[in-house]
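This note sets out points for discussion on the structure shown below. The points are numbered so that each may be taken up separately.

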Amino acid sequence: MVFYFSGTGNTQWVARQLAEATGEELVDMARDKRTAFHITEDERIGFCFPTHGWQPPRLVRNFIRKMELSIERSEKKPLFCYAVTTCGDNMGEAMTILNRELQAKGLQAETMFSVIMPESYVCLPFMHTDSEERVEEKIENAKRQMTHIIRIVKDRKFGIVELEQGATPRLYSYVIGGYFNRKMITDKKFVVDVDSCTRCGKCQRVCPVGNIKGIPPQWSHDGSCTMCLACYHHCPVHAINYGTITKKRGQYTFNSK
């Protein structure tokens with residue numbers, strides 16, 4: 001079983017490849033309302049998520065806390081649990097944080113990977129989408145890496161750890177990322193230019209947590225927003241912005257071409 005969460009499509013692309021290669025069920029942690037899952041003796045269990053502020057998204061952590069697993073085990077075929085995170089640059093100690101949540105459920109991801117993908121977070125002064133050339137370069141590198149990851153997951157190789165943690169992962173995840181995830185995950189700054197809005201409803205459809213209502217869009221302000229920016233990046237006319245900072249920023253959604 002492959003559990004995943006994705007906003008702009010990077011992680012969905014990773015998770016779909018793993019599910020197709022292993023023949024195992026793909027479960028969207030944002031949209032699947034189940035909490036109980038049965039893992040057969042033949043199944044692997046994988047968690048695929050984007051790094052948000054050098055941590056797993058709150059949505060992912062909450063999903064794991066609520067999940068109830070029934071797992072078949074045997075000495076001949078121990079449970080193979082793995083995790084893959086996508087990130088624009090590095091992921092700090094996001095996997096350490098994920099494993100704390102998994103350990104509370106009697107799990108541990110022993111095989112772990114980070115996959116560098118095109119940047120999608122654009123809500124800080126120094127954050128921009130990648131150039132077209134850099135997007136293409138990252139995706140081509142990721143394609144080669146996924147061939148490698150799929151082979152390892154299919155062969156159930158325990159203990160493979162290939163993570164791009166950055167120069168100071170604890171600072172990234174627990175200080176900067178801690179502040180980011182406590183204070184900056186909010187939908188309160190989203191605005192829509194009603195004159196530009198085409199009333200297509202795409203932002204409402206792509207929001208993974210159902211946080212957007214009405215046309216033109218209105219955000220619920222109920223704490224469910226993950227700041228995945230799916231609404232911003234998918235808007236076909238750039239009518240959605242996060243305050244004024246994104247007005248001249250680019251948009252990105254995954255396209256493998």
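Predicted model: local features only at pLDDT ≥ 70, side-chain atom pairs only at ≥ 80, totals over all residues.

Which residues have the most contacts inside the largest nonpolar core?

1. **The largest nonpolar core.** The residues with the most contacts inside this core are Phe3, Ile45, Phe47, Val60, Leu98 and Leu102, and the core has 31 residues. At least two residues of this core come from each of β3, β4, α2, β6 and α3. Another core lies apart from it and has 24 residues, among them Phe113, Val115, Ala142 and Met146.

2. **Contacts of Phe3.** Phe3 belongs to the group with the most contacts inside the largest core. With neighbours within four places in sequence left aside, Phe3 is in contact with Val27, Met29, Phe37, Ile45, Gly46, Phe47, Cys48, Phe63 and Met67.

3. **The buried side of helix α2.** Helix α2 spans residues 58–66, and its buried residues are Leu59, Val60, Phe63 and Ile64. These residues are on the same side of α2, because they cover an arc of only 135 degrees around the axis. In general, an α-helix has 3.6 residues a turn, so residues three or four places apart point the same way. The buried residues of α2 pack against the strands β1 (2–4), β2 (26–28), β3 (36–39) and β4 (45–50), and also against the helix α3 (94–103).

4. **The largest pocket.** The space in the largest pocket amounts to about 720 Å³. Its lining is made up of 35 residues, of which Thr51, Gly53, Glu119, Tyr121 and Met127 are the closest to its centre. Two or more lining residues are given by each of α1 (10–22), β6 (81–87) and α5 (169–183). Of the contributing elements, α5 gives the most, with four residues. By class, the lining has 18 nonpolar, 15 polar and two charged residues.

5. **The second largest pocket.** This pocket has a volume of about 340 Å³. It is lined by 17 residues, and those nearest its centre are Met29, Leu59, Asn62, Phe63 and Lys66. Two of these, Leu59 and Phe63, are also among the buried residues of α2. Met29 and Phe63, for their part, are among the contacts of Phe3.

6. **Tyr179 in α5.** Tyr179 is found in helix α5. Is Tyr179 buried or partly exposed? It counts as partly exposed, because its relative accessibility is 46%, whereas the cut-off for a buried residue is under 20%. The C-alpha atoms of Tyr179 and Val122 are separated by 17 Å, and the two residues are 57 residues apart along the chain.

7. **Ala21 in α1.** Ala21 is found in helix α1. With a relative accessible area of 25%, Ala21 is partly exposed. Leaving aside neighbours within four places in sequence, Ala21 is in contact with Ile150 and Lys154. Ala21 and Gly223 are 202 residues apart in sequence, and their C-alpha atoms are 36 Å apart in space.

8. **Asp222 in its loop.** Asp222 is placed in the loop between β11 (218–219) and α7 (230–234). Its contacts, apart from neighbours within four places in sequence, are with Asp187 and Asn211. From C-alpha to C-alpha, Asp222 and Val27 are 24 Å apart in space, and they are 195 residues apart in sequence.

9. The peptide bond from Ile215 to Pro216 is cis, with omega near -5 degrees. Pro216 lies in the loop between β10 (212–213) and β11. Leu229 is not a glycine, but its phi is positive, near 65 degrees. Leu229 is found in the loop between β11 and α7, and it is buried, with a relative accessible area of 2%. His238, also not a glycine, has a positive phi of about 55 degrees. The loop between α7 and β12 (240–242) holds His238, which counts as partly exposed at 22% relative accessibility.

Key
Residues numbered from 1 in each chain as written. Heavy atoms only, no water. Buried < 20%, exposed > 50% of the residue type's maximum accessible area, 1.4 Å probe, protein only. Arc of directions from axis to C-beta. Contact = heavy atoms within 4.5 Å. 1 Å grid on protein atoms, 1.4 Å probe; cavity = no way out; pocket = protein on both sides within 12 Å on 5 of 7 lines; lining within 4 Å. Points joined across faces, edges and corners; volume = space filled by probe spheres on them. Nonpolar A, V, L, I, M, F, W, Y, C, P; charged D, E, K, R; others polar. Core = buried A, V, L, I, M, F, W, Y, C linked by side-chain atoms within 4.5 Å.
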